[in-house]
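This briefing goes through a few parts of one protein model. Keep the sequence and the structure open while reading.

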Amino acid sequence: MTRNLPAPRRLALPWRVVLGAALVAALAAATGLGVAALHRTPTGRVELIATRAEGGAGGLGGVELSGPAGTARLDAAPASIATAPQPTDLGGFDVPTGRYRLVSVRAGGRTLTAPLSVEIGGDRLTPVLIALGRDGVRAWSGNEGVNLGLLVSGGKVTPVPATAFTDQAGRPVSLVDGRPVVVAAFETHCHESCPLYTAVLADLRRTLDARGWANRVRIAEVTMDPERDTPATLAAYARRTGASWELLTADPTQLRIFWTALHASYREVPYEGAAPIDWQTGRPEAYDVSHDSLAAVLDGQGVPRFVLPGDPHLGHALAAPLASMLSPEATAAAHRDSWALTDLLDRFDVLLGEPGEQDRRPETAVRAGAPGPGFTLTALDGRRVSLDDQTGRPVVLNFWATWCGPCRRELPMLARAATAHPGVSVLALDQGEDAATVRGFVAGLPGAAAIVLLDSARSVGAEYAVGGLPVSVAIDAGGAVRAVHVGELDAAALDLMLKRAGA
(Lines give C-alpha, C1' and ligand atoms only; values in the text may rest on other atoms or scores of the structure.)
Protein backbone atom coordinates (compact mmCIF):
# COMPACT_ATOMS: atom_id res chain seq x y z
CA MET A 1 0.00 0.00 0.00
CA THR A 2 1.54 3.32 -1.02
CA ARG A 3 0.83 6.94 -0.31
CA ASN A 4 1.69 9.54 -2.92
CA LEU A 5 3.47 12.64 -1.71
CA PRO A 6 2.92 16.17 -3.08
CA ALA A 7 4.09 17.26 -6.53
CA PRO A 8 7.76 16.74 -7.56
CA ARG A 9 10.06 19.31 -6.07
CA ARG A 10 13.69 20.28 -5.95
CA LEU A 11 14.93 20.43 -2.38
CA ALA A 12 15.48 24.12 -1.73
CA LEU A 13 18.64 25.22 0.06
CA PRO A 14 17.84 27.34 3.13
CA TRP A 15 20.01 30.15 1.82
CA ARG A 16 22.49 30.62 -0.96
CA VAL A 17 26.19 31.18 -0.34
CA VAL A 18 27.79 33.77 -2.59
CA LEU A 19 31.55 33.30 -2.91
CA GLY A 20 33.57 36.28 -1.69
CA ALA A 21 34.59 38.93 -4.17
CA ALA A 22 38.28 38.02 -3.92
CA LEU A 23 37.55 34.38 -4.70
CA VAL A 24 35.21 35.26 -7.57
CA ALA A 25 37.95 37.44 -9.02
CA ALA A 26 40.46 34.63 -8.62
CA LEU A 27 38.17 32.14 -10.36
CA ALA A 28 37.51 34.56 -13.19
CA ALA A 29 41.19 35.37 -13.62
CA ALA A 30 42.55 31.84 -13.41
CA THR A 31 42.21 30.96 -17.08
CA GLY A 32 45.80 29.81 -17.67
CA LEU A 33 44.67 27.07 -20.05
CA GLY A 34 47.41 27.85 -22.56
CA VAL A 35 49.84 26.09 -20.24
CA ALA A 36 48.51 22.79 -21.62
CA ALA A 37 50.63 23.30 -24.68
CA LEU A 38 53.73 22.84 -22.50
CA HIS A 39 52.67 19.33 -21.46
CA ARG A 40 52.40 16.17 -23.44
CA THR A 41 49.16 15.36 -21.66
CA PRO A 42 46.32 17.87 -22.16
CA THR A 43 45.51 19.68 -18.94
CA GLY A 44 42.58 21.54 -17.46
CA ARG A 45 42.54 24.16 -14.76
CA VAL A 46 41.40 23.36 -11.20
CA GLU A 47 40.73 26.09 -8.65
CA LEU A 48 41.23 24.55 -5.20
CA ILE A 49 39.04 25.84 -2.37
CA ALA A 50 38.91 24.69 1.24
CA THR A 51 36.71 25.15 4.28
CA ARG A 52 36.28 23.42 7.63
CA ALA A 53 33.36 22.53 9.85
CA GLU A 54 33.47 23.29 13.57
CA GLY A 55 35.97 20.88 15.10
CA GLY A 56 37.66 20.12 11.78
CA ALA A 57 41.41 20.33 11.28
CA GLY A 58 42.61 23.90 11.04
CA GLY A 59 45.27 23.38 8.37
CA LEU A 60 45.62 21.49 5.10
CA GLY A 61 48.68 20.29 3.22
CA GLY A 62 49.22 18.14 0.11
CA VAL A 63 46.22 17.37 -2.10
CA GLU A 64 45.99 14.56 -4.67
CA LEU A 65 43.28 13.60 -7.15
CA SER A 66 43.22 10.02 -8.41
CA GLY A 67 41.07 7.95 -10.75
CA PRO A 68 40.98 6.61 -14.32
CA ALA A 69 42.93 9.69 -15.46
CA GLY A 70 45.79 8.80 -13.11
CA THR A 71 47.07 10.67 -10.07
CA ALA A 72 47.51 14.44 -9.99
CA ARG A 73 49.21 16.27 -7.13
CA LEU A 74 48.03 19.80 -6.39
CA ASP A 75 50.94 21.38 -4.57
CA ALA A 76 48.93 23.75 -2.42
CA ALA A 77 51.02 25.47 0.23
CA PRO A 78 49.95 24.61 3.79
CA ALA A 79 47.32 27.12 4.82
CA SER A 80 45.02 27.95 7.69
CA ILE A 81 41.46 27.10 6.63
CA ALA A 82 38.47 29.35 7.30
CA THR A 83 35.44 28.04 9.15
CA ALA A 84 32.45 27.15 6.96
CA PRO A 85 30.60 28.59 5.23
CA GLN A 86 33.57 30.87 4.52
CA PRO A 87 35.89 29.60 1.73
CA THR A 88 39.67 29.70 1.56
CA ASP A 89 41.17 29.95 -1.92
CA LEU A 90 44.27 27.73 -2.28
CA GLY A 91 45.04 28.72 -5.88
CA GLY A 92 44.78 27.34 -9.39
CA PHE A 93 46.51 24.20 -10.70
CA ASP A 94 46.98 22.48 -14.06
CA VAL A 95 45.66 18.91 -13.91
CA PRO A 96 45.67 16.26 -16.68
CA THR A 97 42.22 16.04 -18.26
CA GLY A 98 40.00 13.07 -17.50
CA ARG A 99 37.88 11.58 -14.73
CA TYR A 100 38.92 11.47 -11.09
CA ARG A 101 37.17 9.54 -8.31
CA LEU A 102 39.13 10.18 -5.11
CA VAL A 103 40.79 13.08 -3.30
CA SER A 104 43.37 12.69 -0.54
CA VAL A 105 44.76 15.43 1.73
CA ARG A 106 47.13 15.85 4.66
CA ALA A 107 45.35 17.49 7.60
CA GLY A 108 45.92 17.36 11.34
CA GLY A 109 48.89 15.03 10.86
CA ARG A 110 46.75 12.42 9.04
CA THR A 111 46.13 11.44 5.44
CA LEU A 112 42.38 11.70 4.75
CA THR A 113 40.51 10.54 1.65
CA ALA A 114 37.06 11.22 0.22
CA PRO A 115 35.20 10.13 -2.92
CA LEU A 116 34.91 12.77 -5.64
CA SER A 117 33.47 12.16 -9.10
CA VAL A 118 34.77 14.97 -11.30
CA GLU A 119 35.60 15.36 -14.99
CA ILE A 120 38.47 17.77 -15.67
CA GLY A 121 38.20 19.30 -19.14
CA GLY A 122 40.70 21.36 -21.06
CA ASP A 123 38.12 23.99 -22.01
CA ARG A 124 36.90 25.07 -18.59
CA LEU A 125 37.90 26.01 -15.06
CA THR A 126 36.71 23.46 -12.47
CA PRO A 127 36.40 24.55 -8.83
CA VAL A 128 37.01 21.79 -6.27
CA LEU A 129 36.11 22.21 -2.60
CA ILE A 130 37.90 20.32 0.20
CA ALA A 131 35.78 20.38 3.37
CA LEU A 132 37.46 19.27 6.61
CA GLY A 133 35.21 17.89 9.33
CA ARG A 134 35.55 16.29 12.74
CA ASP A 135 35.50 12.79 11.32
CA GLY A 136 37.27 13.21 8.00
CA VAL A 137 37.03 15.09 4.74
CA ARG A 138 34.40 15.62 2.02
CA ALA A 139 34.81 17.03 -1.45
CA TRP A 140 32.60 18.77 -4.02
CA SER A 141 33.22 20.07 -7.53
CA GLY A 142 31.58 22.59 -9.86
CA ASN A 143 30.15 25.99 -8.97
CA GLU A 144 26.89 24.63 -7.59
CA GLY A 145 28.69 21.80 -5.79
CA VAL A 146 31.09 24.21 -4.09
CA ASN A 147 28.24 26.40 -2.84
CA LEU A 148 26.38 23.35 -1.60
CA GLY A 149 29.50 21.99 0.11
CA LEU A 150 29.96 25.26 1.98
CA LEU A 151 26.36 25.05 3.20
CA VAL A 152 26.73 21.42 4.28
CA SER A 153 29.99 22.13 6.09
CA GLY A 154 28.36 25.09 7.84
CA GLY A 155 25.51 22.91 9.07
CA LYS A 156 22.88 24.58 6.89
CA VAL A 157 22.15 21.46 4.80
CA THR A 158 22.24 17.90 6.13
CA PRO A 159 23.31 14.75 4.24
CA VAL A 160 21.33 11.58 4.81
CA PRO A 161 22.46 9.73 7.97
CA ALA A 162 25.34 7.29 7.57
CA THR A 163 23.62 3.90 7.31
CA ALA A 164 25.15 0.42 7.27
CA PHE A 165 23.26 -1.04 4.31
CA THR A 166 23.50 -4.64 3.10
CA ASP A 167 22.81 -5.57 -0.53
CA GLN A 168 21.20 -8.65 -2.04
CA ALA A 169 24.53 -10.50 -2.01
CA GLY A 170 25.03 -9.85 1.71
CA ARG A 171 27.75 -7.26 1.11
CA PRO A 172 28.07 -4.05 3.20
CA VAL A 173 27.21 -0.96 1.13
CA SER A 174 27.57 2.78 1.63
CA LEU A 175 25.50 5.18 -0.44
CA VAL A 176 28.27 7.79 -0.45
CA ASP A 177 31.05 7.17 -2.97
CA GLY A 178 31.29 10.46 -4.88
CA ARG A 179 28.65 9.54 -7.47
CA PRO A 180 25.01 10.70 -7.53
CA VAL A 181 22.53 7.97 -6.66
CA VAL A 182 18.79 7.54 -7.08
CA VAL A 183 17.22 5.91 -4.02
CA ALA A 184 13.78 4.43 -4.62
CA ALA A 185 11.46 3.34 -1.81
CA PHE A 186 10.24 -0.23 -2.25
CA GLU A 187 9.46 -3.55 -0.64
CA THR A 188 9.39 -6.86 -2.43
CA HIS A 189 5.80 -7.66 -1.39
CA CYS A 190 4.35 -4.36 -2.63
CA HIS A 191 1.49 -4.76 -5.12
CA GLU A 192 1.03 -1.12 -6.08
CA SER A 193 3.81 1.35 -6.87
CA CYS A 194 6.92 -0.81 -6.36
CA PRO A 195 6.66 -2.87 -9.59
CA LEU A 196 6.41 0.44 -11.46
CA TYR A 197 9.57 1.70 -9.75
CA THR A 198 11.48 -1.45 -10.62
CA ALA A 199 10.35 -1.07 -14.25
CA VAL A 200 11.40 2.59 -14.53
CA LEU A 201 14.77 1.79 -12.92
CA ALA A 202 15.29 -0.93 -15.53
CA ASP A 203 14.63 1.74 -18.18
CA LEU A 204 17.10 4.02 -16.38
CA ARG A 205 19.75 1.29 -16.34
CA ARG A 206 19.42 0.77 -20.11
CA THR A 207 19.61 4.54 -20.68
CA LEU A 208 22.76 4.91 -18.59
CA ASP A 209 24.37 1.99 -20.40
CA ALA A 210 23.48 3.43 -23.81
CA ARG A 211 24.92 6.85 -22.89
CA GLY A 212 28.08 5.42 -21.35
CA TRP A 213 27.07 6.68 -17.89
CA ALA A 214 26.88 3.30 -16.13
CA ASN A 215 29.84 4.14 -13.88
CA ARG A 216 28.81 7.75 -13.28
CA VAL A 217 25.42 7.14 -11.63
CA ARG A 218 24.24 4.61 -9.03
CA ILE A 219 20.81 3.03 -8.69
CA ALA A 220 19.45 1.63 -5.43
CA GLU A 221 16.09 0.40 -4.22
CA VAL A 222 15.96 0.60 -0.42
CA THR A 223 13.38 -1.47 1.40
CA MET A 224 10.71 -0.24 3.79
CA ASP A 225 10.06 -3.80 4.99
CA PRO A 226 13.28 -4.97 6.70
CA GLU A 227 11.54 -7.88 8.45
CA ARG A 228 10.74 -9.73 5.20
CA ASP A 229 13.34 -8.20 2.90
CA THR A 230 16.42 -10.15 3.95
CA PRO A 231 19.38 -10.31 1.54
CA ALA A 232 18.13 -13.74 0.40
CA THR A 233 14.67 -12.33 -0.40
CA LEU A 234 16.20 -9.35 -2.20
CA ALA A 235 18.33 -11.74 -4.27
CA ALA A 236 15.25 -13.80 -5.16
CA TYR A 237 13.41 -10.62 -6.16
CA ALA A 238 16.35 -9.60 -8.38
CA ARG A 239 16.31 -12.98 -10.12
CA ARG A 240 12.54 -12.82 -10.58
CA THR A 241 12.40 -9.27 -11.96
CA GLY A 242 15.80 -8.89 -13.63
CA ALA A 243 16.84 -6.02 -11.33
CA SER A 244 20.58 -5.56 -11.91
CA TRP A 245 21.20 -2.74 -9.40
CA GLU A 246 21.60 -2.56 -5.64
CA LEU A 247 18.66 -3.77 -3.52
CA LEU A 248 19.38 -2.66 0.03
CA THR A 249 18.23 -3.39 3.55
CA ALA A 250 19.56 -2.39 6.98
CA ASP A 251 18.98 -2.67 10.70
CA PRO A 252 15.31 -1.64 11.25
CA THR A 253 16.23 1.24 13.58
CA GLN A 254 18.84 2.66 11.20
CA LEU A 255 16.50 2.19 8.27
CA ARG A 256 13.72 4.19 9.89
CA ILE A 257 16.16 7.01 10.74
CA PHE A 258 17.35 7.01 7.11
CA TRP A 259 13.84 7.27 5.65
CA THR A 260 12.75 9.84 8.23
CA ALA A 261 15.60 12.08 7.04
CA LEU A 262 13.97 11.95 3.59
CA HIS A 263 10.54 12.75 5.14
CA ALA A 264 9.22 9.31 4.23
CA SER A 265 7.36 6.90 6.52
CA TYR A 266 6.03 3.36 6.54
CA ARG A 267 4.16 1.02 8.86
CA GLU A 268 2.81 -2.50 8.93
CA VAL A 269 -0.96 -2.80 8.52
CA PRO A 270 -3.33 -5.79 8.33
CA TYR A 271 -4.95 -6.69 5.03
CA GLU A 272 -8.62 -5.89 4.61
CA GLY A 273 -10.16 -9.07 3.28
CA ALA A 274 -8.19 -11.94 1.81
CA ALA A 275 -4.43 -11.48 1.82
CA PRO A 276 -2.59 -11.93 -1.50
CA ILE A 277 -0.32 -14.92 -1.99
CA ASP A 278 3.33 -14.38 -1.10
CA TRP A 279 5.29 -14.78 -4.35
CA GLN A 280 8.20 -16.34 -2.45
CA THR A 281 6.49 -18.80 -0.06
CA GLY A 282 3.23 -19.53 -1.88
CA ARG A 283 1.28 -18.79 1.32
CA PRO A 284 -0.97 -15.80 2.17
CA GLU A 285 1.01 -12.74 3.18
CA ALA A 286 1.02 -12.01 6.91
CA TYR A 287 0.68 -8.23 6.63
CA ASP A 288 0.81 -5.24 4.29
CA VAL A 289 3.15 -2.24 4.45
CA SER A 290 1.70 1.23 4.02
CA HIS A 291 4.53 3.41 2.75
CA ASP A 292 5.32 6.64 0.96
CA SER A 293 6.11 6.34 -2.73
CA LEU A 294 9.15 8.35 -3.87
CA ALA A 295 12.53 8.44 -5.52
CA ALA A 296 15.21 10.68 -4.00
CA VAL A 297 18.30 11.80 -5.92
CA LEU A 298 21.35 12.23 -3.68
CA ASP A 299 24.55 13.90 -4.77
CA GLY A 300 27.94 12.23 -4.43
CA GLN A 301 28.21 13.31 -0.80
CA GLY A 302 24.82 11.95 0.24
CA VAL A 303 22.98 15.27 0.22
CA PRO A 304 19.34 14.99 -0.96
CA ARG A 305 19.04 17.25 -4.00
CA PHE A 306 15.72 16.23 -5.55
CA VAL A 307 12.64 14.24 -4.63
CA LEU A 308 10.21 12.75 -7.15
CA PRO A 309 7.10 11.59 -5.29
CA GLY A 310 4.21 9.47 -6.55
CA ASP A 311 4.09 6.72 -9.14
CA PRO A 312 6.31 6.90 -12.23
CA HIS A 313 4.76 6.99 -15.68
CA LEU A 314 5.81 4.22 -18.06
CA GLY A 315 5.42 4.58 -21.80
CA HIS A 316 5.16 0.81 -22.16
CA ALA A 317 3.63 -2.27 -20.56
CA LEU A 318 5.19 -3.94 -17.54
CA ALA A 319 7.29 -7.05 -18.10
CA ALA A 320 5.38 -10.20 -17.15
CA PRO A 321 7.13 -10.87 -13.78
CA LEU A 322 6.39 -7.34 -12.59
CA ALA A 323 2.87 -7.31 -14.02
CA SER A 324 2.10 -10.47 -12.04
CA MET A 325 3.01 -8.63 -8.82
CA LEU A 326 0.69 -5.69 -9.48
CA SER A 327 -2.75 -5.87 -7.88
CA PRO A 328 -5.88 -5.66 -10.10
CA GLU A 329 -6.80 -2.40 -8.40
CA ALA A 330 -3.40 -0.89 -9.17
CA THR A 331 -3.55 -2.15 -12.76
CA ALA A 332 -6.97 -0.57 -13.23
CA ALA A 333 -6.02 2.75 -11.62
CA ALA A 334 -5.54 5.44 -14.25
CA HIS A 335 -3.47 8.64 -14.33
CA ARG A 336 -1.90 8.21 -10.90
CA ASP A 337 1.55 8.82 -12.30
CA SER A 338 3.31 12.10 -11.57
CA TRP A 339 6.74 11.83 -13.19
CA ALA A 340 8.56 9.97 -15.96
CA LEU A 341 12.05 8.67 -16.69
CA THR A 342 13.00 11.90 -18.45
CA ASP A 343 12.25 13.83 -15.22
CA LEU A 344 14.67 11.57 -13.37
CA LEU A 345 17.28 11.95 -16.11
CA ASP A 346 16.93 15.74 -15.93
CA ARG A 347 18.02 15.59 -12.28
CA PHE A 348 21.10 13.59 -13.17
CA ASP A 349 21.86 15.97 -16.04
CA VAL A 350 22.09 18.78 -13.46
CA LEU A 351 24.38 16.83 -11.13
CA LEU A 352 26.61 15.57 -13.95
CA GLY A 353 26.80 18.92 -15.73
CA GLU A 354 25.25 17.41 -18.89
CA PRO A 355 22.76 19.01 -21.32
CA GLY A 356 19.13 18.70 -20.20
CA GLU A 357 16.84 16.15 -21.81
CA GLN A 358 15.08 18.73 -24.01
CA ASP A 359 18.46 19.89 -25.32
CA ARG A 360 19.22 16.35 -26.48
CA ARG A 361 16.63 16.52 -29.29
CA PRO A 362 17.49 19.63 -31.33
CA GLU A 363 17.96 17.90 -34.66
CA THR A 364 15.72 18.50 -37.65
CA ALA A 365 17.20 15.66 -39.73
CA VAL A 366 18.02 12.19 -38.57
CA ARG A 367 21.57 10.86 -38.72
CA ALA A 368 23.53 8.18 -36.88
CA GLY A 369 24.76 9.38 -33.50
CA ALA A 370 22.29 12.28 -33.28
CA PRO A 371 19.39 12.41 -30.84
CA GLY A 372 16.12 11.12 -32.31
CA PRO A 373 13.76 14.10 -32.78
CA GLY A 374 10.96 13.89 -30.22
CA PHE A 375 7.29 13.53 -31.05
CA THR A 376 3.88 12.69 -29.60
CA LEU A 377 1.30 10.97 -31.80
CA THR A 378 -2.05 9.21 -31.44
CA ALA A 379 -2.23 5.43 -31.69
CA LEU A 380 -5.09 3.59 -33.38
CA ASP A 381 -6.62 2.83 -29.98
CA GLY A 382 -6.60 6.53 -29.03
CA ARG A 383 -3.53 6.44 -26.78
CA ARG A 384 -1.07 9.30 -26.96
CA VAL A 385 2.44 7.90 -27.50
CA SER A 386 5.59 9.97 -27.03
CA LEU A 387 9.14 9.12 -28.03
CA ASP A 388 10.24 10.53 -24.66
CA ASP A 389 8.14 7.84 -22.99
CA GLN A 390 10.31 5.22 -24.68
CA THR A 391 13.58 6.55 -23.22
CA GLY A 392 15.29 3.65 -21.53
CA ARG A 393 14.13 1.14 -24.16
CA PRO A 394 15.48 0.38 -27.64
CA VAL A 395 13.16 1.76 -30.34
CA VAL A 396 12.60 0.91 -34.00
CA LEU A 397 10.60 3.49 -35.96
CA ASN A 398 9.08 2.59 -39.32
CA PHE A 399 7.64 5.26 -41.61
CA TRP A 400 5.01 3.72 -43.91
CA ALA A 401 1.62 4.11 -45.65
CA THR A 402 -1.09 1.71 -46.80
CA TRP A 403 -0.60 2.64 -50.46
CA CYS A 404 3.11 1.67 -50.32
CA GLY A 405 3.66 -1.91 -51.56
CA PRO A 406 6.96 -2.56 -49.72
CA CYS A 407 5.41 -1.08 -46.55
CA ARG A 408 2.46 -3.46 -46.77
CA ARG A 409 4.84 -6.41 -47.05
CA GLU A 410 7.06 -5.48 -44.09
CA LEU A 411 4.37 -4.40 -41.60
CA PRO A 412 3.42 -7.98 -40.57
CA MET A 413 7.10 -8.69 -39.96
CA LEU A 414 7.35 -5.59 -37.74
CA ALA A 415 4.28 -6.70 -35.78
CA ARG A 416 5.86 -10.12 -35.19
CA ALA A 417 9.12 -8.47 -34.09
CA ALA A 418 7.21 -6.34 -31.55
CA THR A 419 5.72 -9.52 -30.06
CA ALA A 420 9.02 -11.42 -30.09
CA HIS A 421 10.96 -8.53 -28.50
CA PRO A 422 8.81 -7.09 -25.68
CA GLY A 423 11.77 -5.08 -24.42
CA VAL A 424 11.84 -3.08 -27.68
CA SER A 425 9.36 -0.40 -28.72
CA VAL A 426 8.46 -1.02 -32.38
CA LEU A 427 6.44 1.93 -33.70
CA ALA A 428 5.01 2.13 -37.24
CA LEU A 429 4.22 5.77 -38.12
CA ASP A 430 1.63 5.97 -40.92
CA GLN A 431 2.28 8.96 -43.15
CA GLY A 432 -0.56 11.25 -44.13
CA GLU A 433 -3.61 8.95 -43.87
CA ASP A 434 -6.72 9.07 -41.71
CA ALA A 435 -7.54 6.62 -38.92
CA ALA A 436 -10.34 4.86 -40.84
CA THR A 437 -8.08 4.06 -43.79
CA VAL A 438 -5.29 2.73 -41.59
CA ARG A 439 -7.65 0.81 -39.29
CA GLY A 440 -9.27 -0.92 -42.24
CA PHE A 441 -5.89 -2.08 -43.54
CA VAL A 442 -4.43 -3.38 -40.27
CA ALA A 443 -7.64 -5.10 -39.14
CA GLY A 444 -6.51 -8.34 -40.77
CA LEU A 445 -2.91 -8.21 -39.49
CA PRO A 446 -2.48 -9.76 -36.02
CA GLY A 447 -0.62 -7.45 -33.68
CA ALA A 448 -0.22 -4.63 -36.20
CA ALA A 449 -2.77 -2.30 -34.59
CA ALA A 450 -0.73 -2.30 -31.37
CA ILE A 451 2.28 -0.66 -32.99
CA VAL A 452 0.67 1.81 -35.45
CA LEU A 453 0.73 5.58 -34.82
CA LEU A 454 -0.94 8.22 -36.98
CA ASP A 455 1.36 10.91 -38.40
CA SER A 456 -1.52 12.37 -40.39
CA ALA A 457 0.15 15.73 -41.04
CA ARG A 458 3.49 14.04 -41.85
CA SER A 459 5.11 16.38 -39.30
CA VAL A 460 7.23 13.67 -37.68
CA GLY A 461 8.22 12.35 -41.11
CA ALA A 462 9.40 15.87 -41.93
CA GLU A 463 11.44 16.05 -38.70
CA TYR A 464 13.14 12.81 -39.68
CA ALA A 465 13.65 14.07 -43.26
CA VAL A 466 11.72 11.15 -44.67
CA GLY A 467 11.39 11.29 -48.45
CA GLY A 468 10.30 8.04 -50.05
CA LEU A 469 8.76 5.16 -48.10
CA PRO A 470 9.47 2.98 -46.26
CA VAL A 471 12.19 4.25 -43.93
CA SER A 472 13.21 2.60 -40.66
CA VAL A 473 15.23 4.15 -37.83
CA ALA A 474 16.92 2.35 -34.91
CA ILE A 475 17.20 4.41 -31.70
CA ASP A 476 19.04 3.16 -28.62
CA ALA A 477 17.84 3.29 -25.02
CA GLY A 478 19.61 6.62 -24.52
CA GLY A 479 17.64 8.25 -27.33
CA ALA A 480 20.43 8.33 -29.94
CA VAL A 481 19.93 7.21 -33.54
CA ARG A 482 22.03 4.14 -34.32
CA ALA A 483 20.97 3.19 -37.84
CA VAL A 484 18.76 4.36 -40.73
CA HIS A 485 17.46 1.93 -43.35
CA VAL A 486 15.89 3.33 -46.52
CA GLY A 487 13.68 0.90 -48.45
CA GLU A 488 11.99 -2.39 -47.69
CA LEU A 489 13.22 -4.44 -44.75
CA ASP A 490 13.86 -8.15 -45.03
CA ALA A 491 14.34 -10.44 -42.03
CA ALA A 492 18.11 -9.93 -41.93
CA ALA A 493 17.84 -6.14 -42.19
CA LEU A 494 15.22 -6.01 -39.45
CA ASP A 495 17.35 -8.21 -37.21
CA LEU A 496 20.27 -5.82 -37.75
CA MET A 497 18.07 -2.81 -36.90
CA LEU A 498 16.97 -4.49 -33.67
CA LYS A 499 20.58 -5.23 -32.72
CA ARG A 500 21.68 -1.68 -33.55
CA ALA A 501 18.93 -0.36 -31.29
CA GLY A 502 20.21 -2.57 -28.48
CA ALA A 503 17.73 -5.47 -28.48
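A residue is called buried when its relative accessible area is under 20%, exposed when that area is over 50%, and partly exposed in between (1.4 Å probe, protein chains only). This is a predicted model: local features need pLDDT of at least 70, side-chain atom pairs count only at pLDDT 80 or more, and totals for chains, interfaces and linings use all residues. Residues are numbered from 1 along each chain as its sequence is written, and side-chain values use heavy atoms, with hydrogens and water left out. Helices (H or I, at least four residues) and strands (E, at least two) are DSSP runs, numbered from the N terminus.

**Asp 167**

- Asp 167 is buried, with a relative accessible area of 3%.
- Its place is the loop between strand E13 (165-166) and strand E14 (172-173).
- Contact means heavy atoms within 4.5 Å; leaving aside neighbours within four places in sequence, Asp 167 is in contact with Val 173, Pro 231, Leu 247 and Leu 248.
- A polar atom of the Asp 167 side chain lies 2.9 Å from the backbone nitrogen of Ala 169.

**Nonpolar cores**

- A nonpolar core is a set of buried Ala, Val, Leu, Ile, Met, Phe, Trp, Tyr and Cys residues joined through side-chain atoms within 4.5 Å.
- The largest nonpolar core has 38 residues, and those with the most contacts inside it include Leu 247 and Phe 348.
- Among the elements that give two or more residues to this core are helix H3 (194-211) and helix H8 (341-352).
- H3 supplies the largest share of this core, eight residues.
- Apart from this core lies another, of 30 residues, among them Val 438 and Phe 441.
- Leaving aside neighbours within four places in sequence, the contacts of Phe 348 include Val 182, Leu 204 and Val 297.

**Gln 280**

- Gln 280 is partly exposed, with a relative accessible area of 37%.
- Not counting residues up to four places away in sequence, Gln 280 touches Ala 232, Thr 233 and Ala 236.
- The C-alpha atoms of Gln 280 and Thr 188 are separated by 9.6 Å, and these residues are 92 residues apart along the chain.

**An open sheet**

- Two strands pair if DSSP finds at least two bridges between them.
- Four strands form an open sheet in the order E6-E5-E9-E10, with antiparallel pairing.
- Strand E6 (70-74) and strand E10 (110-120) are the edge strands, each pairing on one side only.
- Strand E5 (residues 63-67) pairs with E6 in the antiparallel sense over five bridges.
- Leu 65 has Ala 72 as its bridge partner in E6.

Note on methods
A polar contact is a pair of N or O atoms within 3.5 Å; within protein, one must be able to donate a hydrogen and the other to accept it, and residues adjacent in sequence count only if both atoms are side-chain atoms.
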